[in-house]
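Please read the points below alongside the model.

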Amino acid sequence: MAELIRIYEDNPNQRELKRIADAMRAGALVIYPTDTVYGLGCDITNKTALEKIARIKGVKLEKANFSFICKDLSNLSDYVSQIDSHTFKILKRNLPGPYTFILPSNNNLPAVFKKKKTVGIRVPDNTIAIELVLLLGNPIISTSIKDEDEVIEYTTDPSLIVEKWDKLVDFVIDGGYGGNIGSTIIDLTGDEPVLVREGKGSVEL
């Protein structure tokens, strides 16, 4: 059964977040708030947890387009090839924020993602998400949780989220009502930015 834990963004409970981060290192799955919609995530270094998320999403792990939730841009060199100053300025100007930026990957990706040429980087403007990454010590692999309801694409109410995901995840962090608009996805692997999906973030970079 999933444990529902209320955490306030303006003063996150460090002890509870550390308990969740410790469990994630051991393979726990967590649903947590971001600056857009609630995300489903796990420790990027735990292959068993990664495989669980892939099964839940119905995709092959090596082909999954999961986001890397990072604490800030200092994580970039861990997984991203060298980028030019123009690209870095775009990232610096818009992160933290409601964007997923697709960037060229390097050879340091976890083994299961070795064949991927690109990586989606997120630095959400949400204290709970960032603190969780900091306590974990490395990025979170993440994907948005979607609702089958065609009107409300993303689930926003943590009390309903925990009912639906009770047998699939270990923790649901209640950070208040979430949004129902996903991040704006921008591909920065070419000469010019390419809009992949318009979401909460402005497309005017």
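**Aromatic pairs and a helix crossing**

1. The model holds three aromatic pairs, where rings of Phe, Tyr and Trp (its six-membered ring) pair if their centres lie within 6.5 Å, with planes under 30 degrees apart counted as stacked, over 60 as edge-to-face and the rest as tilted. The phenylalanine 68 and phenylalanine 113 rings have centres 6.2 Å apart and planes at 50°, so this pair is tilted. Both phenylalanine 68 and phenylalanine 113 are buried (under 20% relative accessible area, with exposed over 50% and partly exposed in between; 1.4 Å probe, protein chains only).

2. This is a predicted model, in which local features need pLDDT of at least 70, side-chain atom pairs count only at pLDDT 80 or more, and totals for chains, interfaces and linings use all residues. Residues are numbered from 1 along each chain as its sequence is written, and side-chain values use heavy atoms, leaving out hydrogens and water.

3. Tyrosine 99 and phenylalanine 101 form a stacked pair, 5.3 Å centre to centre with 15° between the planes. Tyrosine 99 is buried at a relative accessible area of 5%, and phenylalanine 101 is buried at 0%.

4. Phe68, Tyr79 and Phe113 are linked into a cluster by ring pairs.

5. In α1, Gln14, Leu17, Lys18, Ile20, Ala21, Met24 and Arg25 meet Ile128, Glu131, Leu132, Leu135 and Leu136 of α5; contact means heavy atoms within 4.5 Å, and helices (H or I, at least four residues) are DSSP runs numbered from the N terminus. The α1 to α5 contact residues comprise eight nonpolar, one polar and three charged (Ala, Val, Leu, Ile, Met, Phe, Trp, Tyr, Cys and Pro are nonpolar, Asp, Glu, Lys and Arg charged, and the others, Gly among them, polar).

How values were computed:
Helix = DSSP H or I, 4+ residues; strand = E, 2+ residues; numbered from the N terminus.
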